[in-house]
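Please keep the structure in view while reading.

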Amino acid sequence: MTPPVDGAGSRPPSGEADVVRWGRPLVVALTLGLLGAPVAARSVPRPVDARTCGPGDLPETGVQGEVPAVDQLSGRSRQGYRCHVRPVATNDLGGRGGDIQLTWYRTCAYQTRTAGKDPSESVAVLDVSNPRVPVVTAVLRRDAWAGRGGYVLGIHEGLHASERRGILVVPVGTMISVYDLTRDCRHPVHLADYDFGPAGGPFHDPNPPYGAAGIHSGQLSPDGRLYYATDIGNGAPGTVPRGPCATVIDLADASHPRLLLRWGLDFPCHDLDLSPDGTRAYVGWYAPTYGYTAAAAAAFAPGTPLSYAASGVRVVDVSDLQHRRPHPAVRIISELTGGRQHTEARVQIAGRTYVIGAEEAYCPGGNPRIVDITDERNPVEVSSIDLQINSLPYCARQFNRNGDVLLYMSHYLPVDDPTDASLLFVTWYASGLRVFDIRNPKAPREVAYFNPAVGAGASRTHDWSTSYPRYMKETGQIWFGSRVTGFNVVELDPRLRPHYRGVRVSDAWSVAPPAAPAVATAAARTLAAEPAPALFCTLALTGNS
């Protein structure tokens with residue numbers, strides 16, 4: 001792979017980091033106050049230089065990642081922010097906008113929609129064979145989904161399709177629905193509904209008063225024959241003192257799923273990724289009794305250092321499960337605290353292996369990190385990828401008019417090529433889609449961003465992006481979902497596109513810069529109208545991450 005070409009005014013190709021550093025006395029003071037032990041100072045990758053943005057771009061007007069209060073009040077924020085990325089097309093999913101999940105198979109995309117007046121959430125199926133005109137071809141919704149998912153989740157995280165197997169798994173409550181995609185990805189064929197039931201104990205009881213939600217997140221194994229579901233409860237009290245970390249479902253016969261085992265009964269987990277051969281899991285875990293409570297508090301209040309001591313990533317041997325050995329054992333190989341337990345992505349960069357983790361956490365948290373796991377028994381954090389709006393001294397600027405509880409924090413973070421990554425794509429809630437050059441994993445740097453325009457006349461002041469992004473190597477196009485605009489296709493500046501052996505990469509834009517201001521869609525006019533006239537801060541103590 002050849003590296004991307006740096007735009008004019010960007011930093012030297014050597015990858016040397018120009019960073020804005022936290023003052024160590026301030027970090028130590030904050031950390032001692034919350035935890036009682038110091039942590040290392042962290043760095044913020046330099047923002048994209050607005051002078052390098054191209055024709056039609058709308059650079060950010062505040063600090064890196066911010067939707068400034070003045071822009072929300074004036075209406076400027078409704079036009080979004082972008083640099084080195086151009087919009088190609090959107091689809092607001094029948095006026096619903098998008099929920100937080102997006103997966104894909106071949107030229108089709110599958111995105112969750114909010115329930116609206118329906119008895120449950122649903123999954124919109126999109127034909128993206130013409131990326132300039134993505135079309136909804138079907139909506140998946142089953143009667144069995146109604147009332148599942150507790151007070152909070154519905155179809156939450158864990159919607160995944162297997163490119164190798166050609167199946168789609170929709171998780172809701174303690175049930176998964178399985179669809180075949182191989183006949184026509186535009187019209188999935190239902191194969192099975194499988195309810196594996198709640199784990200034991202009151203914290204997993206789906207009935208009142210607790211109302212546990214069941215599956216929080218999950219992953220398909222690379223061969224599409226196993227589904228790993230995580231369950232952190234998400235009931236009304238908001239505390240999860242124990243596991244299981246994962247419930248593993250056998251999908252060898254996709255029409256007849258079966259429960260293999262529940263693992264990690266003493267500790268909860270948020271999400272995971274798997275090695276290409278399926279024998280290792282990289283699990284975002286919480287310490288028993290207090291770990292999830294600390295992390296949930298950190299999502300809504302400045303308590304990040306405390307949560308870092310009680311959560312992190314574990315490297316786990318799941319080879320017995322992958323190879324279907326009788327009486328399978330799951331073995332923890334190593335662990336590293338430091339939070340970033342929401343999402344894990346296993347990637348390789350220049351021959352070394354890393355796990356990149358994201359987290360939902362209030363400032364000064366909410367930022368991803370890169371962990372070197374080349375020696376899987378001794379994981380080492382090599383960098384933290386912070387935005388200025390997630391860092392001191394800018395925490396106090398985190399205001400919004402939409403009443404959002406979760407605002408500036410990272411969510412999902414795939415790369416352009418997991419076997420040799422150059423670019424990292426992060427959906428960052430109110431900060432939109434962020435793109436980082438990670439060829440030097442010790443000094444990642446931001447090279448582009450796209451925060452979708454909700455348009456003039458929208459009920460919200462800005463959008464909220466949380467889905468997995470998909471990068472198309474040949475065209476530099478990116479698919480991702482957002483709350484208001486729904487399904488988005490955007491395109492990366494040709495100068496930033498990596499080149500790959502055997503792949504013909506376009507070296508030109510396929511779309512011109514937008515010629516007119518954005519106008520609100522049906523979804524943008526009706527979704528989540530902002531409270532008026534007050535501003536609302538994200539510092540809140542309700543809800544679940």
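In this predicted model, the buried residues of helix α3 are Gly291, Tyr292, Ala294, Ala295, Ala296, Ala298, Ala299 and Phe300. The helix, which spans residues 291-300, is thus mostly covered, with 8 of its 10 residues buried.

**Helix α3**

**Strand β10 and its neighbours**
- Strand β10 (residues 167-172) is mostly covered, with 6 of its 6 residues buried; Ile167, Val169 and Pro171 point one way from the strand, while Leu168, Val170 and Val172 point the other way.
- Strand β9 (residues 160-162) pairs with β10 in the antiparallel sense over 3 bridges, and histidine 160 has valine 169 as its bridge partner in β10.
- The hairpin formed by β9 and β10 has 4 residues between the strands, and glycine 166 in its turn has a positive phi of about 75 degrees.
- The hairpin of β10 and β11 has 2 residues between its strands, and here glycine 173 takes a positive phi near 65 degrees.

**Nonpolar cores**
- The largest nonpolar core has 28 residues, and those with the most contacts inside it are Ile356, Leu413, Val415, Leu424, Phe436 and Ile438.
- At least two residues of this core come from each of β3 (81-83), β21 (343-349), β22 (352-358) and β26 (423-427).
- Leaving aside residues up to four places away in sequence, isoleucine 356 touches residues including Val347, Ile370, Leu413, Val415, Leu424 and Ile438.
- Another core, of 20 residues, lies apart from the largest one and has Cys245, Leu261, Phe267 and Leu321 among its members.

Terms used. Residues numbered from 1 in each chain as written. Predicted model: local features only at pLDDT ≥ 70, side-chain atom pairs only at ≥ 80, totals over all residues. Heavy atoms only, no water. Core = buried A, V, L, I, M, F, W, Y, C linked by side-chain atoms within 4.5 Å. Buried < 20%, exposed > 50% of the residue type's maximum accessible area, 1.4 Å probe, protein only. Contact = heavy atoms within 4.5 Å. Pairing = 2+ DSSP bridges.
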